[in-house]
Amino acid sequence: MSEDQPDRKQSGFKDKTRVGEARERLLDAVAPHDRTEEVPLASADGRVLAEEVVAARNVPHYPRAAMDGYAVRAEDTFGASDRSPEVLGRAREMAPRSAVRVHTGSELPAGADAVVMIEQVDEFGDDVEVFDAVAEGENVAPVGEDVEEGQHLYDAGHRLRPSDLGLLKSVGVDTVAVRERPTVGVVPTGEELVQSDPDSGEVVETNGLTVSRYVERWAGRATYRDVVTDDPDALRAAIQRDLTKDVVVTTGGSSVGERDLLPEVVADLGEILFHGVALKPGHPVAVGVVEETPVVMLPGYPVACIINAVQFLRPALKAVGGLPRNGFPTTEARLDRKIRSEPGIRTFARVQLGEDDDGEATATPTRASGSGVLSSVALADGWVEVPEGREGIPEGETVSVQDWEWSA
């Protein structure tokens, strides 16, 4: 540990870094990787383009009928009306004073330049009566109406959506060059952790599983490691093993207790960017850098772990993977019970959404405190973020409930 880094074992968390400043320090230490790969189009949903995409062909690549009806020469319908319809001969190929049956999307016959809607004709024998004149090009989708050959479609850095995949397929794209997904080593720590059937004093390991699944949801690729005990040499080896990853994330051992060894281990291997953040629940979070690899040390209490993963690991992954830092979908709701918070601390209050008798959305805090109560997150619909400058939110105020759980 360097001389200018405080001894947290002695001082605790008297001086906590604000959330915004902590995130800036982290992002300043994160650089986007430059690895790319080709993937089949059907597997590219959610991936980030590594290069721009230009249309290789027109869509449609032939003039097509935009309506069910009859393809005609527009000049043959001039003067047609309900009282004085034009009579055209039904044919398989276009000729003067003829009409060819077409369906929406079918190719316009050579020689035709318009389509009369089926609702505007009467069929009898070998002829059709046209009751509405059409102009040249009417009810016709011309070549390139949707996409023109050579048209710029997407820039590098665009995150592909299902609608994008459909458009790319329509212009003949089978594979796309995308950025590789960021790799993350997920290391749960704690000598009390077991995977199942806990004895007295033991705890089932959940944080590593939860965080690794969030990594996958946030467009990363997680390697979920076995539990590492609270031993400096074992922790050091676990971190060094995953320095080939883009990010290392640990769970547990990030506070200032006797068994909270990770910040010291990371400080010995590299540099601590911050340790202790002014947020609740979960202030004992730390972030360091070892050999240019960010190491995110999440608290061991499940709620604190999840909140800090959302606040720090998620933006780190987006920065490494070149993903846009989109916000969370929100629901405006009336708070039906006061939320308490401490000035100077950013508070994340878990809430459940409901409706009052008038059908208006309501938000009910699920638990005011308890960073170890995993069910308070798993059974919540989102959380309300109380900024540092407020001392709680009174009952009846309209709040924005962040639906962070379903946000990529």
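These legends go with a set of close-up views of one predicted model. Since the model is predicted, local features are kept at pLDDT of at least 70 and side-chain atom pairs at pLDDT 80 or more, while totals for chains, interfaces and linings use all residues. Residues are numbered from 1 along each chain as its sequence is written, and side-chain values use heavy atoms, with hydrogens and water left out.

**View 1. The largest nonpolar core, with F274 and L313 having the most contacts inside it.**
This core has 37 residues. To count as a nonpolar core, a set must be made of buried Ala, Val, Leu, Ile, Met, Phe, Trp, Tyr and Cys residues joined through side-chain atoms within 4.5 Å. Buried here is under 20% relative accessible area, exposed is over 50%, and partly exposed lies in between (1.4 Å probe, protein chains only). Elements that each supply at least two residues include α2 (19–28), α4 (207–217), β18 (271–275) and α7 (302–321). Helices (H or I, at least four residues) and strands (E, at least two) are DSSP runs, numbered from the N terminus. The largest share, 11 residues, comes from α7. As a general matter, nonpolar side chains in soluble globular proteins tend to be buried together.

**View 2. The surroundings of F274.**
What does F274 touch, leaving aside its neighbours within four places in sequence? F274 is in contact (heavy atoms within 4.5 Å) with T17, A22, R25, L26, V285, A286, V287 and F312.

Over residues 185–319 the chain is 35% helix and 26% strand, and the end C-alpha atoms sit 16 Å apart.

The closest N and O atoms of R35 and D246 are 2.7 Å apart. The pair meets the salt-bridge rule: a side-chain nitrogen of Lys or Arg within 4 Å of a carboxyl oxygen of Asp or Glu. That rule gives a count of 16 salt bridges. R35 is partly exposed, at 28% relative accessible area, whereas D246 is buried, at 14%.

**View 3. Two other salt bridges, D164 with R161 and R346 with E388.**
In the D164 and R161 pair, the closest N and O atoms are 2.9 Å apart. D164 counts as buried at 1% relative accessibility, while R161 counts as partly exposed at 45%. For R346 and E388, the closest N and O atoms are 3.2 Å apart. This pair also links distant parts of the chain: R346 is in strand β23 (residues 346–355), and E388 is in the loop between β25 (382–386) and β26 (398–402), 42 residues away. Both R346 and E388 are buried. Back at R35, salt bridges that share partners join R35, E180 and D246 into one network.

**View 4. An open sheet of 6 strands with mixed pairing.**
The strand order is β7-β4-β6-β5-β9-β8. Two strands pair if DSSP finds at least two bridges between them. At the edges are β7 (114–117) and β8 (121–124), each pairing on one side only. Inside the sheet, β4 (residues 69–72) and β6 (residues 98–102) pair in the antiparallel sense over 3 bridges. Over in β6, V102 is the bridge partner of G69.

**View 5. Two cis peptide bonds, V59 to P60 and K280 to P281.**
Omega is near -5° for the bond from V59 to P60, and omega is near -5° for the bond from K280 to P281 too. P60 is in the loop between β2 (53–54) and β3 (64–65). P281 is in the loop between β19 (279–280) and β20.

**View 6. Positive phi at R97 and A219.**
R97 has phi near 60°, a positive value in a residue other than glycine. R97 lies in the loop between β5 (86–90) and β6, where R97 is partly exposed with a relative accessible area of 38%. A219 has phi near 70° and is in the loop between α4 and β16 (221–224). Is A219 buried or exposed? A219 is buried, with a relative accessible area of 13%.
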